[in-house]
Amino acid sequence: MMLSLLPQLLVSGISSGMLYALIALSMTVVYRATTVVNFGHGDMVAAGAYAVFVFGLGFGFPFLVAMALAIAVLFLAGFATQRFLMQPIVAGPHLSLAMMALAVGYTIRGALRLEWGTETLNPSRPYPQDIYMFGNVVITTDDVVICGFVLLLLAALFLLLQMTPLGKVIQATFQSQRGAALVGINVPMFHALMWGGGAALGAIGGVMLSMITPLTPDLGQWTLVQGFAAMTLGGFGSLGGAVAGGILLGITEKLLGFYANTVFIEITGYLVPILVLLLRPQGLFGRRAIVRV
Amino acid sequence: MSRVTRRLFWLIPLVLVPVPLLLNPYQQYVVNTALLYVPVGIGFNLVVGNLGLLAFSNVAYFGLGAYTSGVLMAHLGLPWWLTVIPAGMVGGVAGSIASIPALRGVRLFYLAIMTLAFGELMRWTYIRWEVLTGGSMGMAVPTASLFGWSLDTDRRRFYAFLAIVVLIVATTDRLLRSRFGRAFLAIKDNEIAAAAMGIPTDRYIVLAFAWGGAVVGLGGAMFAISVGHLSPISFDLTELIRQFAIIMVGGLGSLTGGIIGAVIITAAPQVFTSFPGFDELVFGLLIVLVILFLPRGLASLLARAHPAFVDRYYRD
């Protein structure tokens with residue numbers, strides 16, 4: 001009886017894990033490109049979800065158009081944040097950079113709360129909800145849409161990184177910023193583009209998230225913690241690790257929640273970064289950082 | 001700066017003594033809140049500013065101190081003054097625990113993430129440990145007393161708070177001026193070089209965390225009786241940005257900065273508490289502006305005005 005539920009738990013774990021993977025991936029893009037962790041990323045994700053809500057229900061655009069607009073808005077927001085707020089202090093201490101990102105996130109969250117207060121919004125899905133049975137495993141349309149969409153995005157990202165000239169530029173800059181600057185790559189512009197790209201990816205995550213969970217201004221806080229957990233689990237800064245970590249986090253959450261205690265669904269995201277960083281700081285797939293004096 | 005000028009700082013609390021006579025109860029409450037946030041800012045600044053470590057767990061010490069005081073009063077019936085020391089001790093222990101990852105070599109963003117998770121885990125504990133804390137509904141804190149003298153008005157609490165805060169400011173000032181403060185500075189500048197010079201960096205890191213946590217825990221004990229009602233919402237991430245705003249706006253790594261920040265950040269937003277979200281927006285914008293245009297905070301303006309306000313134990 002207990003074991004017969006395992007496939008079901010794995011399916012729903014993978015489904016929510018795909019979302020964590022997308023969010024962790026969008027954070028990793030920013031981290032890899034600029035070596036700055038965006039502590040405001042969770043709120044950008046939430047802002048993306050709200051933007052779709054505003055464009056869709058407020059202005060009456062069809063869902064896909066609203067989503068495209070939201071992605072564009074978040075791209076600009078991320079770009080502008082890096083350009084006008086992070087770039088001027090980029091040579092400063094890490095503390096200022098972390099604080100700046102955190103402060104931007106709180107500004108967004110405050111603005112969201114000021115407008116929507118403590119209301120909970122339930123954006124409707126743009127597709128009919130359905131259930132498919134495979135033996136005793138239930139798969140919902142949500143699972144299919146989320147997994148399919150995230151896999152599609154991952155494939156697109158992979159192609160972008162591996163097959164296009166832009167991907168070569170990105171990889172070169174990931175490897176060595178100074179080297180990239182020496183061969184004529186505009187590194188500050190690249191940083192701003194990556195912040196924009198990370199925010200846009202995050203916005204997509206936010207849209208998917210808002211379809212399965214109610215939308216509140218505090219969504220960003222939860223998202224940030226889950227994203228961190230997935231990132232640390234997979235190894236900080238590894239793109240593949242972020243995806244693997246996200247999926248693993250989703251599965252772990254569901255398994256612990258069912259077989260151990262339901263409270264684990266709430267606290268896995270907090271426990272994972274603590275345990276991973278204490279026991280295996282490089283994560284599952286990361287390399288151990290060597291400190292040079 | 002001469003020793004005499006330093007002594008003049010003792011006049012500040014003396015000047016504050018008659019202040020309650022001029023205030024109405026609401027203003028008194030705001031002043032008390034500003035006062036109790038002074039140790040919160042000082043403790044936070046010690047770790048983040050002076051030691052230069054990105055520890056985000058300050059709200060956890062604050063909450064633990066407040067709940068320790070509240071629970072001891074409500075469940076054991078202890079008078080408030082007997083719960084102040086335990087609150088500080090619990091905060092200090094929590095600080096030492098939070099320093100474990102730092103000792104394991106976890107730094108920068110990694111430390112920030114771990115301590116953030118630690119703080120959130122504590123908030124989850126307040127919600128779940130309903131027997132002690134009343135869960136998300138919160139718990140009422142009994143009226144405080146000090147040696148049998150009831151602290152039932154804000155004016156009475158003001159004098160108790162003032163005494164504790166003066167003690168904390170004076171001892172932390174001594175700590176920062178001693179070899180401890182110099183060791184913190186060395187660790188902040190270059191930890192490996194500090195260790196190579198024979199400074200036991202691990203011990204100083206634990207000490208800074210423990211002292212910071214204890215001081216913040218004392219602030220929590222004051223918070224408990226000042227608001228009279230503890231609920232987990234008081235210790236969420238909005239509280240974290242408030243405390244960050246205190247040290248950033250006041251001035252990183254500056255004792256004066258912690259004090260100025262606490263007064264300004266807690267007194268100002270009382271005006272707009274009726275709009276949820278406004279405080280987060282304002283704190284966020286304030287921090288952005290300070291980082292861009294006044295990286296050393298308001299304390300640097302004071303230091304420019306008079307050398308008595310220069311922090312000798314801090315360098316960029």
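What follows is a short tour by topic. Keep in mind that this is a predicted model. Chain A has 293 residues and chain B has 316 residues. The two chains touch each other, with 37 residues from chain A and 37 residues from chain B in the contact.

**Chain A at a glance**

- Chain A is built from 11 helices and 2 strands.
- Going along the sequence, the elements of chain A come in the order α-α-α-α-β-β-α-α-α-α-α-α-α.
- A compact globule of 293 residues would have a radius of gyration near 19 Å, and chain A, at 19 Å, agrees with that.
- Along the principal axes, the C-alpha atoms of chain A fill a box of roughly 60 × 50 × 40 Å.
- Buried residues account for 48% of chain A.
- Take the contacts in chain A between residues at least 6 apart in sequence: 76% of them join residues at least 24 apart.

**The hairpin in chain A**

- Strands β1 (residues 131-134) and β2 (residues 137-140) of chain A pair in the antiparallel sense, over 4 bridges.
- In this pairing, Ile131(A) sits opposite Thr140(A) of β2(A).
- The hairpin of β1(A) and β2(A) has 2 residues between its strands, and Gly135(A) takes a positive phi there, near 65°.

**Chain B at a glance**

- Chain B has 15 helices and 4 strands.
- The globule rule gives 20 Å for 316 residues and the radius of gyration of chain B is 19 Å, close to that value, so chain B is as compact as a globular protein of that length.
- The C-alpha trace of chain B spans about 50 × 45 × 40 Å along its principal axes.
- In chain B, 54% of the residues are buried.
- For contacts in chain B between residues at least 6 apart in sequence, 79% link residues at least 24 apart.

**Where the chains meet**

- On the side of chain B that touches chain A, the elements giving two or more residues are α6 (108-128), α12 (237-250) and α14 (278-293) of chain B.
- Of these, α6(B) provides the largest share, with 12 residues.
- Sorted by class, this side of chain B holds 30 nonpolar, 3 polar and 4 charged residues.

**A closer look at α12(B)**

- Helix α12(B) is mostly covered, with 13 of its 14 residues buried.

**The nonpolar core**

- The largest nonpolar core has 190 residues, and the ones that touch the most other members are Ala21(A), Leu74(A) and Ile287(B).
- Which helix gives this core its largest share? That is α11 (residues 201-227) of chain B, with 16 residues.
- What does Ile287(B) touch, leaving aside its neighbours within four places in sequence? From chain A, Ile287(B) is in contact with Met99(A) and Ala103(A). From chain B, the contacts of Ile287(B) are Phe244(B), Ala245(B) and Met248(B).

Note on methods:
Residues are numbered from 1 along each chain as its sequence is written. Chains are lettered from A and ligands numbered from 1 in the order in which they are written. This is a predicted model: local features need pLDDT of at least 70, side-chain atom pairs count only at pLDDT 80 or more; totals for chains, interfaces and linings use all residues. Two residues are in contact if their C-beta atoms, placed from the backbone, lie within 7 Å. Ala, Val, Leu, Ile, Met, Phe, Trp, Tyr, Cys and Pro count as nonpolar, Asp, Glu, Lys and Arg as charged, and the others, Gly among them, as polar. The radius of gyration is taken over C-alpha atoms; the globule rule is 2.2 Å times the number of residues to the power 0.38. A residue is buried if 20 or more other C-beta atoms lie within 10 Å of its own, exposed if 12 or fewer, and partly exposed in between; C-beta atoms are placed from the backbone. A nonpolar core is a set of buried Ala, Val, Leu, Ile, Met, Phe, Trp, Tyr and Cys residues joined through C-beta atoms within 7 Å. Two strands pair if DSSP finds at least two bridges between them.
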